[in-house]
Amino acid sequence: MAANFCIFFVLLAFLPSGELQGFSENSTAWAKGNFDVGRNTIVVTNSTRAVYAHVGTSPKVGHVSVDWVSNNIYWADAGFGWIGLQSLKASFQHLDLAKFATNGRLKVIVSTFLEHPYGLVVAPNYRRVFWSDVGSSPKIESSDLLGSDRKALVWQGLATPTALSVDQSLQRLFWTDQSKHTIESSDFNGGNRRVLYFSEDSQFGGLQVFAEYLLFTQQNTNSLHGLDRLTGKQVVSSLSLPSDPPGPPGSLAVFSTAFQQRGNNISCSQMTCGHICIQQEQGGVCICTSGSTLKSDGKTCQESSVPLWKSFIVSSATRVCAVPVNLLYSFPNLPPPFYNIKCFLNESNIQHLAINSYNATLYYVTGSSWIRTHDIRSGKTDNITTTANSVGGITYDEARGILIWSETSAGRIMELDLNRGDNATQLYSNLNSPGDLTVNSLRGLLFWVETFNNKYTLVAGAVVSPFNKSELVNSGLIRPHSLVYDDKQNRLYWLDVDYLGSVRGDGSDKSVISLSSVTTYRGLALFRSNLVWLTRSPDSNVTFRSSDLRDASVRRPLTCLV
């Protein structure tokens, strides 16, 4: 994605080094090239060096924008489905590993009802952030600098709104629509909408307002163009861009001290916020990165000891830990302080795990077949029930508040209503050594593994009456485990000895991704479009790996050891 390389060049605009004099190469910046997968970072540069402002974006960052008043950077990350924010105050310190840990932390200001955030721009003097969502229901939205006061501005007549820019003097928002081949404009509230430019063969790259011009790049012609920002009339001849580095031009930024006026509100530059300062109408306000809370002094941040912020929950035989999801795309071989792994439960012989993310409750099975609950917020652990039979797996039905587990030696599946606190009841019986299982709460379906004479079968059944069941897969299974269901794709996923398998909910369209047979695979989780699992190599190192569901050939390592 060429746009991802805009990170480097867009941030150059934060360090004004000249005025725009027509379309000279010294006064306009554009970006070309490919995003380096596995090195997913936001880079800040000055005239002497480049450093990392943030490490651990997904490969699907659309655009970034700088709030030069508060000295912060914002970005739209479609891979994680959020709008991120991070301070730039420490970006130009000499990079060392002791300080590097802070570069993986961020403040997520918007993460709900976002499908594919892409375009983004900040209007610092009006304290607003604007972004586009190019998902199944395209729209353009805005919020204040903290993600509050969220408003849907434009949601009709959009196809693929990508690049965004603002004219603060006119309080106008501009955007390109890649599929409609248009450049359009509205006021900051989404009203007074106009089409300024249309060209059927356009393939837009970047977009930038400067003075009376509306500048944009064309990827198909490798060129830079300028329109009158009011009329849309082309006012100057196009400029051909250099062909080195190769690749279509991505985002666009302008160098100009006049372009980035700070006004009289500069209190953030005089404050000593621990993490992030936001310039508000009444002055600077300190906020903390996600996972931390502001102390009573209004400046210092205290990291939470409770791992409630967007993490993978991982268990060994003796402890349970939380690993932040943004480590999916961080650097390899980072020092342990960067991981920010939080272990919050120590227990003996943990065998199976389920979680209720809504009330931060963990359910797990011990070797003595006790089924226990752990409140992640309070740290309190209680026994729920026990069984004399060996447990093959456990899952939580969030729609009904039901805990479900299989009892392998008894050939049955049990359920317990956690809301009523009744005794456990039998859901299915006369099964062939049921093992691992998972539930799809929305569809009311349960999936599990059965074994008979060393032959494995994947089975589906209802969790409410009538309790019908059917075989989904009865061939090609070696030792399936770690079942996960994706409701959006209507697919069941599982791990086997040397492959990652999947099948539709009706048993059709089985597919596999081959894995190494010398590695042991355990645990499978779904996060947006990523399947994540654990691997144990012959040298006993445990590492995360992941696969993008939209590109089965992509299998990248998660870069920390647990």
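## Disulfides, cores and selected residues of a predicted model

At 9% relative accessibility, Cys321 counts as buried; buried means under 20% relative accessible area, exposed over 50%, and partly exposed in between (1.4 Å probe, protein chains only). The structure is a predicted model, in which local features need pLDDT of at least 70, side-chain atom pairs count only at pLDDT 80 or more, and totals for chains, interfaces and linings use all residues. Residues are numbered from 1 along each chain as its sequence is written, and side-chain values use heavy atoms, with hydrogens and water left out.

**Disulfides**

The structure holds four disulfides, a disulfide being a pair of cysteine sulfur atoms within 2.5 Å. When the bonded cysteines of the chain are numbered in sequence order, they pair as 1-3, 2-4, 5-6 and 7-8. The table gives the sulfur distances of pairs including the one formed by Cys321.

| Pair | S to S distance |
|---|---|
| Cys273 and Cys286 | 2.0 Å |
| Cys288 and Cys301 | 2.1 Å |
| Cys321 and Cys343 | 1.9 Å |

The link of Cys321 and Cys343 is right-handed, with 90° about the S-S bond. This pair links distant parts of the chain, 22 residues apart, with Cys321 in strand 26 (residues 319-324) and Cys343 in strand 27 (residues 342-346). Strands (E, at least two residues) are DSSP runs, numbered from the N terminus. Whereas Cys321 is buried, Cys343 is partly exposed, with a relative accessible area of 40%.

The link of Cys273 and Cys286 is left-handed, with -75° about the S-S bond. Cys273 is buried at 9% relative accessibility, and Cys286 is buried with a relative accessible area of 6%.

For Cys288 and Cys301, the torsion about the S-S bond is about -95°, so the disulfide is left-handed. Because Cys288 is in the loop between strand 22 and strand 23 (292-294) and Cys301 is in strand 24 (residues 301-303), the pair ties together parts that are 13 residues apart in sequence. Both Cys288 and Cys301 are buried.

**Nonpolar cores**

A nonpolar core is a set of buried Ala, Val, Leu, Ile, Met, Phe, Trp, Tyr and Cys residues joined through side-chain atoms within 4.5 Å. The largest has 24 residues, of which Ile73, Trp75, Phe80, Trp82, Phe312 and Leu328 touch the most other members. Two or more residues come from each of strand 4 (61-67), strand 5 (72-77), strand 25 (311-315) and strand 45 (530-536). Strand 4 gives the most to this core, with three residues. At least three residues are drawn from each of domain 1 (28-303) and domain 2 (311-561); these bounds come from an automatic or database domain assignment.

Leaving aside residues up to four places away in sequence, Phe80 touches residues including Gly56, Val325, Leu328, Tyr329 and Phe527; contact means heavy atoms within 4.5 Å. A second, separate core of 15 residues includes Val110, Trp131, Ile278 and Ile287.

**Two further residues**

His225 is found in strand 18 (residues 223-228) and is buried, with a relative accessible area of 10%. A polar contact of 2.7 Å joins its side chain to that of Ser223; such a contact is a pair of N or O atoms within 3.5 Å, where within protein one must be able to donate a hydrogen and the other to accept it, and residues adjacent in sequence count only if both atoms are side-chain atoms.

Ser243 is placed in the loop between strand 19 (239-240) and strand 20 (249-254). Ser243 is exposed, with a relative accessible area of 60%.

Methods: Helices (H or I, at least four residues) and strands (E, at least two) are DSSP runs, numbered from the N terminus.
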